[in-house]
Each structure stands twice: as C-alpha cells, then as structure tokens.
Amino acid sequence: MKKINVMIVLVALAIGSFGQVAQQAMQKSCELSEVEHFTAKDWKDYKSTKAFGAVIWEEDFSGATLPTGWVTIDNNSLGYVWIWTNSANPGLNGQYSTNTPPFNSTTATNGYMVLPGDHYNTPIPSMPDDMDAYVQTAAINCDTAHSVMLKFEQYFRYCCGNDQIMQVSVSTNNTTWTHFDVSQGVATNYASDNPDVVLLNITPLAALQSTVYIRFYMTGVSHYYWAVDDIQLMTASQNDIKFANAYNYFYDSNWGATGSFSKIPTNQIMPNVCSADVWNYGDNVQTNVTLEAEIWNNANQLVFNQTDDTSQLSFNDTAFLSIDSLFTAPSSPNTYSVAYHCYQTQTDEIPEDNFTDTISWEITQNKIFARDRQQERWTGGVLSVNSFSGGLDGDFLGVQYFLPNTATVNSISVFIDYHTDPGTIIVGQIYENSPTSTYFPVIGTEEYEIQEADLGTWVTLPVYIINPGSEVLPGGSNYVCGVECYSGFNDLYIGSEPGDYPHLIHLETKIRLTTNWYWILDLPYIRLNLAGAVLPPVFVSAPFTEICASSAQNYPQVLEIEVSDPGNLPLTLTAIDLPTFVSSFTDNGNGTATIIAEPTPADMGSSFKFRFRADNGTVQNEQIFYALVDSFAGCIPPILPIAPDWNYTNTGNSHVILIPDTIPVTIDGIQVAAGDYIGVFYDSLGTLACAGYQQWTGQTTSVTAWGDDASTTTPDGFAPGEAFIWKIWRLSDFNEFNATATYMQPPVMLNTGFYISYGMSGLTSLQGYTMQYQNISLPQGWSYFSSYIIPVEASMDSLCAPFVSEVLIAKDGNGNTYWPLFGLNLIGDISIGQGYQVKLASAQTMIVAGQAVQPQNIPITLVQSWSLLGYLRQNPGPITAMLSSVVTQLIIVKNGDGQLYWPQWGLNDIVNMMPGKGYQIKMSSQQTFTYPAN
C-alpha cells in the first residue's frame with residue numbers, strides 16, 4: 001500500500017475503561033495552539049469592539065526591501081525564496097496566476113512578503129519544482145509582556161498535492177520551534193479568504209522572553225502563492241474569558257460518557273450532558289466564572305436552562321464546567337440545539353467570545369446513528385486509513401456507537417473523500433467493546449470496490465449475514481463501526497470533521513493498526529444504519545473531472561449528473577456550490593440534473609469546486625468534487641444552439657394563433673423567459689413535425705400554423721380538423737418540453753384548438769412540463785391497471801406497442817375491447833381516472849410518458865353499479881382514506897389479485913391503493929370524488 005505523510009495525530013494510549021464518570025472523561029488541558037480565522041469584514045468588526053492591550057511589535061513591510069535582521073531561506077537551494085513586493089498580483093503573473101485578484105491586506109500597496117511558487121515555475125518545466133522555503137523575523141523583545149498575541153493577514157492558493165505544509169513557527173532560541181498550521185484545510189487549487197486574518201495566542205512560548213522569532217514556512221507545493229502582511233504582536237486584554245471547547249455529549253449510567261451524536265433514533269435516546277472548557281484569556285484573575293447552557297427545540301421553545309460555576313481562574317487557566325442536571329429528550333422526532341454563555345464578576349472586555357455557536361442534534365424516526373455534526377459545514381477535511389506511519393492493508397478506522405437498547409443493524413455508510421483512488425477495495429466491520437476494553441468483531445460487509453461516482457459522497461455497505469441473528473446488536477454495549485482498506489495499492493480517504501468543534505476523542509473514534517487500538521484526533525464521517533433506515537440517495541454516474549476550455553474563446557457546454565434512490569423515493573437535486581462560469585442548473589425531475597457551463601480562457605488550468613445535494617425527503621446525500629478546466633485530448637466542446645432544431649414549410653394555407661402577453665406561458669409552473677421558443681406540431685406519418693414557431697419576447701405575439709399541401713406525397717402541415725400539439729424550447733438549458741394549451745372560445749375567437757385553413761384562434765394559457773415516466777408492472781394473466789400520467793401517446797396501440805405480441809385482450813369499464821390479434825381498438829385512448837383490465841401471455845412492464853396529474857384537481861365520477869377505477873396518486877395510500885368521501889355509497893372494491901374492501905362487513909384485504917393498479921368498484925349510486933394530494 002502507498003505510504004504518504006502522516007495526516008492525522010494518533011493518541012497512542014492504552015484504551016482505558018469506558019465506565020469512568022463523565023467529569024473524569026472530559027477533563028483535558030487547554031490547547032495552546034488555537035488559531036482563529038476571520039475574513040476581512042470579521043476583522044474590521046473584531047478590531048472595533050475587542051480591546052487588546054498594547055502593541056509590542058509590528059511590521060507592515062513599508063521599507064521596500066526585506067526588513068533588517070530578517071532572513072529568507074530556500075532549503076532546495078534553487079533560489080526560490082520569499083521576496084518583498086508591492087505588486088497588485090501576489091502570483092507575480094505566473095502561468096496560472098495571470099488573473100489573480102490583488103492582495104487586499106490593510107497595507108498591501110506599500111509592500112508585503114510572498115512566496116510566488118507559480119512565478120518560479122513559469123514557464124512550466126517538465127517536472128515542476130516544489131517550494132521549501134521560509135522567511136524569519138529578527139529577534140523580538142517580549143520581556144515585559146506576560147501575554148502575547150500574534151496577528152497577521154495572509155492570502156494563499158496552492159497546488160497540487162496533499163502533502164503541503166503552511167505553518168507559522170515560534171522559537172525563543174532559533175533552535176527549538178513550535179509549529180502552528182495556518183492552511184485552514186483549504187483544498188487544492190482553492191484560494192483562501194482575501195485577506196484571511198489570523199489571530200494566534202503564543203503566550204506560553206513568548207511571554208516574558210527577550211528573544212522571540214517568528215517563521216513563515218511553506219513546503220510541498222509547486223504553484224500559486226502565499227502572501228503575508230501586517231504582522232503584529234500585542235498583549236492580551238485585562239479581563240477576558242472565552243470558550244476553549246464546548247461539548248454536548250450523551251450519558252449512560254453504567255458506561256458514563258458515550259460521546260456526542262448528530263442523529264439518534266427515537267428508540268436509542270440517552271440523557272444529554274452540557275459542558276465546556278472556559279479559558280481565562282485576559283491578564284487578570286477572573287472570579288465567579290459561570291457556564292450557562294440553554295437547549296432549544298425546533299419550535300424555538302426553551303426546554304432546558306441550567307448553570308455551573310467555579311471560584312476563579314488565573315491567567316491562561318482553563319476550567320472544565322459541567323452542568324449537573326441532565327436533559328433527556330422525549331422519544332419523538334425533533335431537532336435540538338444547545339448554546340452556551342460564560343460570564344464572570346469582572347466586566348469582560350471582549351464579550352463576543354463569551355457565546356458559542358449552537359451544537360445541534362436530531363432525534364429521528366429514521367434509524368440512522370451518526371456523529372457527523374458539521375456535515376453542512378464540510379470544508380474538505382479528510383482522513384486516510386493508509387497514511388499512518390507504518391500503515392498496512394487491514395488498517396481500520398472507526399466511529400464508536402453506544403446502543404442503550406438492542407437493535408438490528410442494516411448497513412454502514414461512509415463518506416468517501418474525492419482524493420480517494422477509484423479501484424480501492426474496502427470492507428465494513430463492526431466490533432463490540434467488551435467490559436475488559438478488548439475488541440472483537442461481530443458483523444461485517446462484503447468487499448466493495450470504490451468507483452469514480454463514489455468520490456466526494458456517501459457510500460452504503462450492507463452487512464453480510466452469515467449466521468442468522470448476528471445482525472442483532474445487544475443493548476447496553478459499545479460498538480466500533482468502520483471500514484478497513486481491504487486490498488489494492490491505492491489511497492483511501494474518508495471525509496471528516498473540519499475541526500470547527502471538538503469531539504471526545506476516546507469516546508468517539510478508534511483506529512486499529514495491526515493488532516493495536518488507538519484514539520484518533522479527527523472525527524470521520526461513518527454512520528451506523530439500523531434496520532428500517534431510509535438510506536441516502538446514490539450518485540450513480542461519475543462526475544465530470546475535466547471541463548473542456550480554450551485559451552482563445554469561451555466554450556459553452558452541457559454537463560450532467562445522475563442520482564438514484566435505494567428505496568425508489570422521489571428525488572430533489574440542488575446545487576450548493578458552483579463555479580461562477582456555470583450559468584444554470586436544472587433539476588430534470590427524474591434523478592438527473594443538467595448544468596450549463598461556459599468556462600473562459602481565464603479559467604484554464606484551474607480546478608473548481610462543485611457541490612450537489614440529493615434529497616429523498618428523509619435523508620440527504622452530497623457530491624463534492626473538483627473539476628479541472630483545461631484543454632485535453634478530445635476536447636472539442638459542442639457549440640450550443642441559440643434556437644431549436646425546428647423546421648417548417650410555408651405551404652400557402654395557414655391558421656393564425658394569438659398568444660397575448662397577459663396569459664401564463666410556463667414550464668413546470670415557471671414563466672418562460674425572453675429567448676425561449678414556442679412551436680406548434682402535427683402528425684406526419686406517426687412522427688411529430690413542426691408546422692410553425694415563434695420566439696417569445698415577453699410581448700404579445702402569434703404563431704402561424706401551416707396546413708398540409710395536398711399536392712405533396714407526404715404530410716407537410718396540418719390536415720383539416722387536426723388538433724394542435726405544442727412544445728416549448730428553453731434557451732437556458734436547450735431542453736424541449738411538451739405543453740398543453742387552453743383556448744379562447746367563440747365569439748372572442750372564431751376557432752379553438754383544431755386546424756382550419758385561414759382560421760384564427762387565441763390562447764388563454766400554455767403550460768409546458770417536464771416529461772415524467774411511470775413504469776407499470778403487468779403480471780401474466782389477468783390484471784387491472786391505471787396511470788397517474790396524462791400520456792403524450794395515449795392510445796392503447798402506442799402504450800402496448802413494445803409488447804403487443806403478448807397482449808391477448810384488454811377491456812375498459814364500459815366493455816370496450818382492445819384485441820390486437822384482430823386489429824381491434826375500441827378503447828382508443830386511455831383516460832385519466834379510469835382503470836383497465838388486461839390479459840397477457842407473459843409478465844411485462846408498460847411505460848407511460850407524459851405529465852403527472854395533481855390528483856386533488858381531477859374529479860372522478862363513479863357510476864352506479866360496477867366500473868373500473870384508476871389510482872391517481874404517486875404514492876400508496878390507505879384505501880379507507882382514499883375513498884372516505886364516498887364510503888357511504890360504496891358497496892365493494894376488488895383488486896386484480898381478488899382481494900376485497902367491503903366496508904359493510906369491516907373487511908379490508910386491500911389495505912393500500914397502489915400506483916399503477918386498477919380497481920373494480922361497485923356503487924349504490926353515482927358519486928364524484930377526488931383523491932388527496934400526493
């Protein structure tokens with residue numbers, strides 16, 4: 001297996017008992033390497049309200065050269081050093097930085113320091129050179145300051161590996177250095193905030209020291225830039241407490257703390273413990289330091305409010321405060337959020353940092369256990385199960401789940417980061433943690449080979465049941481649910497928390513290297529799915545990883561994504577994050593989406609982030625990936641049309657149709673835009689052909705429909721009395737939509753929706769719609785069927801054409817027959833709301849294409865005595881609820897399997913009415929009803 005640099009820190013401690021009390025489990029020292037990041041706007045607000053002490057030292061690089069006493073070193077001996085510049089472009093016009101925005105530091109115009117990797121690699125060599133360089137200050141005297149804050153402004157972008165280092169280091173002897181990562185986890189080829197203002201507490205290193213050195217060090221990157229400006233050392237405030245860490249974890253009376261969760265099934269609820277590390281960030285002793293916790297539900301109701309306190313905190317001390325009272329949520333679905341406030345006797349000079357962001361979790365009917373609290377804030381944090389020192393195939397990365405009650409496990413879901421190599425093989429494993437703190441496997445999954453489409457999204461691994469009952473996990477136990485790199489010499493990366501919130505290391509995460517178990521400092525995205533869980537949608541087609549571009553012109557092109565749902569639930573697709581060159585995103589309503597992109601020459605050579613979300617109404621999945629814009633083999637983007645590929649013939653006789661600007665002309669309920677096209681079509685030997693069209697401008701217009709020229713051998717226009725068929729073509733995504741029209745009635749217009757030579761009609765509405773499909777399963781022998789779709793091709797001949805040889809006979813509720821053996825079709829077109837009886841020689845699937853109806857808008861008349869009823873909803877529904885409005889006149893209902901709904905005798909074998917099915921129904925009198933909405 002490949003070995004790459006260590007990306008995470010292992011806590012190499014023997015695993016102690018999980019039965020320790022919550023207070024002991026949570027105590028930890030303050031992290032002195034805390035780095036705060038702000039945008040320029042944040043920092044403006046920060047400076048205007050936060051009272052720091054005196055400035056000890058500062059440098060704004062206004063001297064037009066490297067400051068006196070500073071040094072700049074290139075460890076590669078290539079002369080690739082940090083340099084002073086006042087150029088507006090921090091990339092110094094390198095090959096990939098020609099259009100880089102100016103560095104927006106406070107004093108950028110008078111100069112700043114930059115490591116311009118792109119400049120050093122232009123023109124690009126056959127193998128680009130990595131940077132390995134630092135710039136270091138002269139000695140700084142801090143011997144009178146017992147608190148020291150480092151603040152600077154930066155702007156960076158890097159390429160192209162994952163082993164880069166961007167760190168600020170502090171030393172008092174120019175030999176021993178303490179390092180702070182300042183890269184923020186910004187992804188490859190993605191720029192930082194401009195400027196990104198960094199505030200770093202270096203008090204334990206620099207306070208009361210007569211010599212302090214600051215070093216800015218970067219290595220492992222070959223392109224772009226890192227710019228630094230406006231560096232200051234300041235003393236801290238006199239009175240300031242702040243949160244070091246905030247926690248919300250769950251508690252079991254036997255095991256103690258069990259960690260925090262983002263999703264908990266209703267049958268696995270545990271009490272919550274609210275706690276936080278509160279830090280004295282000021283110079284003075286702070287007295288009566290108090291923690292307050294508030295818990296709110298999704299109705300914005302305060303359901304918990306308690307406090308805890310300590311006597312005092314000296315400078316740089318941290319207290320762990322834990323609320324004694326526990327909060328137990330009701331066993332019903334809800335979302336809860338806890339927010340913390342800390343305060344003290346003294347007047348806090350920086351009250352803004354006395355409040356935390358809310359920590360939220362969900363009690364859900366869906367049987368998914370999850371710890372991925374911050375999925376919505378995912379920024380690219382990744383873990384790798386094969387990047388640890390000495391890592392081998394079989395390295396295991398897991399998340400711990402405590403089950404208070406017995407549960408049946410369904411599967412394991414894991415977020416596969418886009419850095420992963422397709423072809424990597426993984427296997428899921430679940431281990432039980434015994435009371436003696438040993439781990440033994442209880443159930444696993446089959447091997448799974450990661451595909452291109454899996455990158456940057458959730459993958460679900462069903463458990464493999466060898467012995468019946470092994471999938472049942474006893475309650476009151478702790479389990480480690482995770483994946484191991486099973487085989488293949490490829491890199492496997494797993495999505496993780498970006499580090500915004502801490503987690504309880506020894507209670508939440510585990511890693512196994514060979515036979516040894518350790519804690520791990522990052523929280524990977526791995527979920528435990530219990531039986532009955534609604535699983536995430538699946539991105540079934542590989543995302544586009546390259547986008548065609550030209551150095552000479554813009555290149556518009558069509559890109560697509562595709563999603564399916566394990567439970568065949570309806571899907572909604574949305575775009576969360578798209579590059580600026582994407583002009584439109586369209587959810588096609590069938591599990592696909594269309595993206596129109598128009599990369600410019602300035603986008604050449606850069607990778608851009610895409611983020612899509614699929615939602616099945618219960619759970620979401622996201623696809624996160626980067627695509628390179630470049631010219632490559634086969635890169636010949638299509639030139640997209642500006643008008644539809646419609647053609648018609650002027651035959652000399654026509655019918656004019658008025659389209660007023662006051663009527664709705666829509667596609668899926670959205671008004672069409674200027675530049676879209678409206679066309680009218682006729683039947684030309686079984687194929688629709690255009691007879692006239694007009695571009696929509698938003699003003700009143702008309703379409704001329706041309707009639708057939710009788711002197712030609714094939715139809716080239718409308719026949720007398722033929723119905724108009726309408727289509728709309730949308731410019732934003734070049735898609736064509738079928739449309740239904742309503743017409744002005746005489747005497748306002750002489751004619752309506754049928755062709756008459758020299759006729760005149762007018763529209764009152766034109767409604768385009770996305771083509772929808774219904775697959776209706778028809779068994780061998782007799783059955784009843786119906787459809788909730790108004791078909792484009794409604795005749796029984798068309799619907800049965802793909803399997804006509806298997807159709808023995810079909811009937812409607814009036815006794816009309818469709819008998820293809822004898823060429824007989826007395827049914828004609830199927831009607832919405834009606835059911836049909838069919839007999840087949842073998843099982844078949846009927847595909848109905850058209851516009852789905854809104855069932856609540858379709859009145860259905862049930863005649864006295866027997867008839868065949870269709871079902872118009874897209875989801876199953878209880879027959880008692882569906883027919884409740886006519887139940888007093890309803891005698892009996894039968895389905896195709898002979899099951900009955902017989903209200904008089906309390907008999908209900910049918911239970912649910914199903915999409916695609918038809919029903920034989922008998923009424924005591926004629927009634928009209930409508931189905932409920934979907």
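Select Ala207 first, together with the residues it touches beyond four places in sequence: Cys142, Ala145, His146, Ser147, Val148 and Ile202 are in contact with Ala207, contact meaning heavy atoms within 4.5 Å. Ala207 itself is found in the loop between helix H4 (203-206) and strand E13 (209-219); helices (H or I, at least four residues) and strands (E, at least two) are DSSP runs numbered from the N terminus. Ala207 counts as buried because its relative accessible area is 16%, where buried means under 20% relative accessible area, exposed over 50% and partly exposed in between (1.4 Å probe, protein chains only). Next, draw a distance from Ala207 to Ser147: the C-alpha atoms are 5.3 Å apart, although 60 residues separate the two in sequence.

The model is predicted, with local features requiring pLDDT of at least 70 and side-chain atom pairs pLDDT 80 or more, while totals for chains, interfaces and linings use all residues. Residues are numbered from 1 along each chain as its sequence is written, and side-chain values use heavy atoms, without hydrogens or water.

Ser761 is buried, because its relative accessibility is 1%. Beyond four places in sequence, Ser761 is in contact with His655, Val656, Ile657, Leu658, Phe724, Tyr743, Met749, Asn751 and Thr752.

The next stop is the second largest pocket, which holds about 1,200 Å³ of space. Of its 31 lining residues, select Asn568, Leu569, Pro570, Tyr773 and Tyr788, the closest to the pocket centre. Strand E40 (557-564) and strand E55 (772-778) are the elements that give two or more residues to this lining, and E55 provides the largest share, six residues. A pocket here is an open set of points on a 1 Å grid over the protein atoms alone, where a 1.4 Å probe fits, with protein on both sides within 12 Å along at least five of seven lines; lining residues have an atom within 4 Å of a point. Grid points are joined across faces, edges and corners, and the volume is the space filled by probe spheres set on the points.

Finally, show the whole protein, which has seven helices and 71 strands. Its C-alpha atoms fill a box of roughly 105 × 70 × 55 Å along the principal axes. Of the 934 residues, 53% are buried.
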